[in-house]
Amino acid sequence: VYKSPANPGTSTSISTTTSDPGGQAGGQSAGSDPANAKGEADDPPRWRVSLNTHKAGMQGLDKDRVNQIIYEASKNSLFYQNEMKKEKLVEERVARQLQELANVSASARKMARQQADNYVTHVENKRDLERYIVHVDMDAFYAAVEILDQPDLADKPMAVGGMGMLSTSNYVARKFGVRAGMPGFIGKKLCPDLILVKPHFERYRAASQAVRAVLAEYDPEFEAVGLDESYLDITDCVMARQREGKLHSLPIKRPEPEKSS
C-alpha cells in the first residue's frame with residue numbers, strides 16, 4: 001500500500017501497489033514522516049518505498065531513519081523509476097473509479113448496499129463454526145532452512161535473495177529494517193554487514209515436504225499455500241482425542257449477532 005500526502009497515516013510497503021484508503025493500518029504522522037520533508041512532499045514514489053514494519057521482529061525500529069536510508073538508496077535506481085510508473089497507474093485507476101462512482105445514482109448505491117448487507121447476513125447464517133481450522137505459516141522459512149545448513153548464520157544478519165530482491169530475512173537482519181520484498185541493494189545500505197544467500201529451492205521443497213508429512217497426520221486433506229503456509233481442518237483429530245480422553249472438550253462460542261442501529 002502507498003502513503004498519500006492527503007492520508008499520511010496509511011501503512012506502506014515497497015512490494016505492493018494496493019492502497020489503504022481507510023488508513024487503518026497505522027503508521028506515522030505527517031509531521032514525523034520523511035516523505036513530508038520540505039521539497040519532497042510532491043515526490044509520489046517517496047511514500048511507496050517507505051518501510052512496512054508489520055512483520056515479526058521489526059518492532060521498535062527508528063522508521064524515520066530507516067525510511068531516509070531507503071529513499072536515499074533508491075531515488076536514482078531503476079527500482080525507484082518502476083515505483084513511479086506504478087504510482088501513475090494507481091492514480092489513473094483511482095481517477096477512473098471515482099468517475100465511475102460519480103456516475104452512480106444515490107438510489108443505485110443504496111440498493112447495492114442493501115444487496116451486499118443481505119448477502120453478508122445470508123453467508124453468516126450459513127457459517128459453520130463447529131470446526132477447528134488451523135493456519136500454519138512458517139516464519140522466515142527460507143532463512144530458517146539456510147540456517148539449518150549453515151548454523152553460523154544464526155546470529156548474523158542474513159537474507160535470502162540477491163541485490164535485485166530479497167525473499168526473506170532472519171530476525172537479526174530485521175532489526176536493521178531488512179525485510180522480504182526489499183531490493184538487496186537497499187538491504188545492504190540499511191545493514192552493510194548483511195549476508196546475502198542465494199536461494200536453494202530444492203532444500204526449501206525438501207523441508208516443506210517434511211513439515212507437510214507432519215501436517216498430514218492431523219489433516220490428510222490439508223491445503224498447502226506455497227512451501228511455507230498451509231490450512232488444516234483438525235476437527236476429526238480433536239474429536240478423536242477427546243473420545244480417547246487425551247484432550248479436554250473445547251468450548252465453541254458463536255459470536256453474538258450485531259444489533260441493527
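I started with strand E2 (residues 158-161), which pairs with E4 in the parallel sense over 3 bridges. Two strands count as paired here if DSSP finds at least two bridges between them. Strands (E, at least two residues) and helices (H or I, at least four) are DSSP runs, numbered from the N terminus. Within this pair I found Met-158 opposite Ile-195 in E4.

A note on the source: this is a predicted model, where local features need pLDDT of at least 70 and side-chain atom pairs count only at pLDDT 80 or more, while totals for chains, interfaces and linings use all residues. Residues are numbered from 1 along each chain as its sequence is written, and side-chain values use heavy atoms, leaving out hydrogens and water.

Next I looked up the whole sheet: 3 strands make an open, mixed sheet in the order E3-E2-E4. Strands E3 (166-169) and E4 (195-197) are at the edges with a single partner strand each, so one side of each has no neighbour in the sheet.

What packs on this sheet? I found helix H5 (residues 141-149), which touches E2, E3 and E4. Contact means heavy atoms within 4.5 Å.

Then I turned to Leu-98, which lies in helix H3 (residues 78-102). Is Leu-98 buried or exposed? Leu-98 counts as exposed because its relative accessibility is 53%. The cut-offs are under 20% relative accessible area for buried, over 50% for exposed and partly exposed in between (1.4 Å probe, protein chains only).

Last, the chain overall: I noted 9 helices and 6 strands, and 34% of its 261 residues count as buried.

Terms used. Axes fitted to C-alpha atoms, helices over the stretch in contact; angles between N-to-C directions.
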